[in-house]
Amino acid sequence: MAVLRPHPAAQPAAASPSGALVELSGVGRRYMVGSSEVVALADVSLRVAAEDLVVVLGPSGSGKTTLLNIIGALDSPSDGQVVVAGRDISHASRKELFAFRRHGVSFVFQTFNLFPALTALENVEFGADAAGRHAVRDVAREMLDRVGLSARAAHFPHELSGGEQQRVSIARALASGNPILLADEPTGELDFGTGIQILELLHAQAHTGRAVLVVTHNREIARVADRVIELSSGRVVRDGPPVGGQVEIADLRW
Amino acid sequence: MSRPQRFRLWVRWALRDMRRRWLQVTSIGLLLALGVGMYSAMSSMSQWRTASADASFAALRSHDLRVSLAAGSYTNAGRLRAALSSIPDRGVVTAAEERLVVPTQVDASFGRRSIIVPGRIVGMPLPASVDALAPMRGRPLRPADNGRLAVELERNFAKHYALPAAGDLRLTGGTTVRYVGQALAPEYFIVTAPGADFGAEANFAVLFASLRTAQRVSGERGRVNELVLRVRPGPRNLSEVQSELDRSLRAALPRTGFTFTTGSQEPARRLLYKDAEGDQQMMDIFAGLLLGAAALAAFNLISRTVEAQRREIGIGMALGISPRVLARRPLLLGGQVAIMGIALGIPAGFAANAWLRSVMQSFFPLPVLKTPMQIGVFVQGAALGVAVSLLATVIPLRRALAVTPVEAISVGVRAAKSSGLAWMTRGIRLPGGSLANMPLRNVLRTPRRTAMTVLGIAAVVAITLSLAGVIDSFNTTLSASRAEALAGSKRRLTVDLAIPQPADAATLKAIAADRAIGAEQPSLRLPATFSAHGRRLDAFLDLGAQNGPLWHPMLRAGRLPVARPGLVIAQRAAEDLGVGIGERLGIRYPLPAGPRSYRLVSTTLPVTGIHTSPLRFVAYANLPAAPALGLTGLVNRISVVPAPGYTEADVKRTLLAMSTVTAVQGAAAMTDAVDQTMSQFTEVLIITVMIAIVMALLIAYNAATINAEERTRETATMFAYGIRPRGVVSGNVLEALLIGTTATIVGVAAGYGILRWIIDVSMRSTMPDLGILISISAGTYGLAALAGIISVGLAPLFTIRRLSRTDVPSALRVVE
């Protein structure tokens, strides 16, 4: 499989003055559920630099997806400051958040969320198109090639396996050329072998100039990360290298 | 859980479902209600017409047979009855009365409004035992009115001009009579102009009077010209009486022509009975289309809603719940829509009934109205609504229950089990990016669903186009007719004389010399019966100079006969008689046989041309035909134009004073009469079109909201990639426009087919005298586009609020 490198047309990662692509300071997120308040995140501070592969780990309800949504500008914090790719999105307007998502982050979802009416190639084109890139077809072809799916370019999602769909989903995210890649349980729907392929893709991306944040509850996956942020009840309970040291993807078992 | 507890749980669950979807359930129910309500009302029209007409004709003892002497012929009172009393089958005649029916001009000017129209006086015994009058306003005529200048005015005419219950009328020759009331009579339930099958109340006034009064006013003292009789019901009674009376009258009045008209041949009866059938066929088509559109749309929308529950059904299956139990909730949804459809359908049906009843009352004003709600028809429509709702539930439900629980649960990830017909565009590069390509792909992705939406909208478009096309076709036809009638001068009037006069008669000289008359052109107008290839039709034959200064026929084929006798007839007449240019046509017409006496004679003339008027009964012959017809030098119609400084009303008023003048009217009066009738008809069409458009809006709205719901995850993905709601809505609008445009194309094609059927088949039998030209205006295409493209295209805009409130993170994280 080809090593993924940022597309030449990708926007340069605009880091904050501290040099981080993602910087959260004292971020909290509270929801009202009926008449009771639920604290999803509390006082979270962290920094993620380019070329980091960060795994956000935690059990269900620990706040990891909320964290990802806040970094991806799908949600806004109740407290604190969020600076992503050099932009403070904590109090951005709706319009600014849309613009930020187009040019700042890309998503990979657990359930792929490919457009069923578009072919694999067109789904990838969508990513490039949304980010306002030029020569979207060439970009899309290149990205599909990188994820090893050139031969499946004309296939519709339902004609692809789960792993292939997730690879298309990653190609779509990469096609945007955005500096931050957010993956929410990207292997959750996949078998072990396919999950390994996906991890290899993400791993390769982290070392080509992007920051990659992967949310998972699978501790085994965390072993390949450069850094693991563990959450529990909305708080960061650990932030550092994987327990027991980083391992090769080939050594993973689950 | 006990059985009642379980039942309560299901009811609660269904009610919660309904609360969540109340707007959708209500609007689908409303769609069904409109379809069912309109279906039941529109399907009831012929039954109402027949029942009301039966009761009205029976109540007024309408005649079974009418004997009319040839136009201008009269005989002494008692002679017609005497001829009847000498026939062998006189025992089956239950009542018979002689009448005097004479043409006249009526000045009913009221307030500042000038109302001068042609008309007739019907003199009858008081009280009448045949063709009685139904008093509607004022007082009825009494035996004491016999011989007095008192009449009853025909109600349709009076109503048209909103005349007071009683008043004065000036008649030909300057006589003033008092109308004491307004009445309906069986022959004039629908007022038809002489020779034409159209409502003509705006341009034709009928006065009912005692026989002696009619004789006094017309100067035909002691004379009659009609016999009306009622015959005991029996298989051959009427035909035997007619043939025996025919023999008896030939012997009694050897030099006088006469015609028989049976009750069923009377225009008013024909329009009420025979044409009810044709009208109902047309109504049935529209009722069926409205119900079909509602049914298709409801089926599509309900099945999509049930389809959305497939995953929940899968979970139920995985939990081991029996399919029978799992079917309850979706079935309850179908049931809710069906109940809502019926619940709203009842008031919709009553409202549609009330509306069509009022239409019928104004279109066919009858003294006795029987317009009950046709429960059977309503139940029929409602049953279809229920069946559609349940079928739309059962089909996707069966599909959902047929798969394994694992498949059902994982349905979300593989939401599109196939890409439908999207493969068709696989290798095609469409302009624009992937986002721009998505609408077409989405349309092709679910072909069955797209086809059903298209068919529902197409049915509405077909209704819109065909109904509005009928209005356009009438307008075009009437414009052609008016253009032909007014070709020489827009101010041309026709002046009809009571009896034909020599060309140098004093009356004609007086008319020509009148100060109000600017120019005049004499002709002779005959009621005639054309025949060829065993087919016959009645017409008015105008005999005059074909190159007259005020007017001459305009031709669409052939030539104007100049030197040799020749006929110019209507295209519709040529088609119906099966004759072409150069062929000879049989003509039967009244020939003067003595003072106030005519006999019917037959001859043939060649057809040399086809004129442009769409009126089938209009025909022309040239002056050289006069000797061939034995009518040389006679005149009974004069075309005139007002002199400078005089108006049409001045001419009418001036000529009203001349006793020999029976009618002065605009040259396009016949067309105006048709126009008047059509304007009422148009109202029905416009309201039906409006209902169709409301249905299109409902279909479009429901389709758009269900689409938005089904595509929540796709929308959320777009939002995650920074596509703004405006971009998503634009894509949805484009997709809707594609569906709307396809539906409009299909609907326009189907609508054109229906229009052709209405004009060429249905109206050809219900309005044989009008050769309607098929025409669809730009405005009608605009209406079709409004129903099919604009309403459907704009519907996604109603989902903006829902889209902007999408919980993106939740939508993206639905783990299937």
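These notes cover a sheet in chain A, and a strand and a helix pair in chain B.

I worked on a predicted model, where local features need pLDDT of at least 70, side-chain atom pairs count only at pLDDT 80 or more, and totals for chains, interfaces and linings use all residues. Residues are numbered from 1 along each chain as its sequence is written, with chains lettered from A and ligands numbered from 1 in written order.

**Chain A sheet.** I looked up the strands (DSSP runs of E, at least two residues, numbered from the N terminus). Four of them form an open sheet, β2-β1-β4-β5 in chain A, with antiparallel pairing (at least two DSSP bridges between two strands). I noted β2 (36-48) and β5 (87-88) of chain A as its edges. Between β1(A), residues 22-33, and β2(A) I found 9 bridges. There Y31(A) faces V38(A).

**Strand β4(B).** I checked residues 116-124 of chain B: 9 of 9 are buried (20 or more other C-beta atoms within 10 Å of the residue's own, C-beta atoms being placed from the backbone). Both faces are covered, with R120(B) on one side and I121(B) on the other among the buried residues. β3(B), residues 93-107, pairs antiparallel with β4(B) over 8 bridges. β9(B), residues 205-210, runs parallel to β4(B), with 6 bridges. R120(B) stands opposite V206(B).

**Helix pair.** I then took α23 (725-766) and α24 (778-794) of chain B, whose axes come within 7 Å and cross at roughly 160 degrees (lines fitted to C-alpha atoms over the stretch in contact; angles run from 0 to 180 degrees between N-to-C directions). That makes α23(B) roughly antiparallel to α24(B) (angles over 145 degrees).

Terms used:
Helix = DSSP H or I, 4+ residues; strand = E, 2+ residues; numbered from the N terminus. Parallel < 35°, antiparallel > 145°, perpendicular 65-115°, else oblique. Buried ≥ 20, exposed ≤ 12 C-beta atoms within 10 Å, placed from the backbone.
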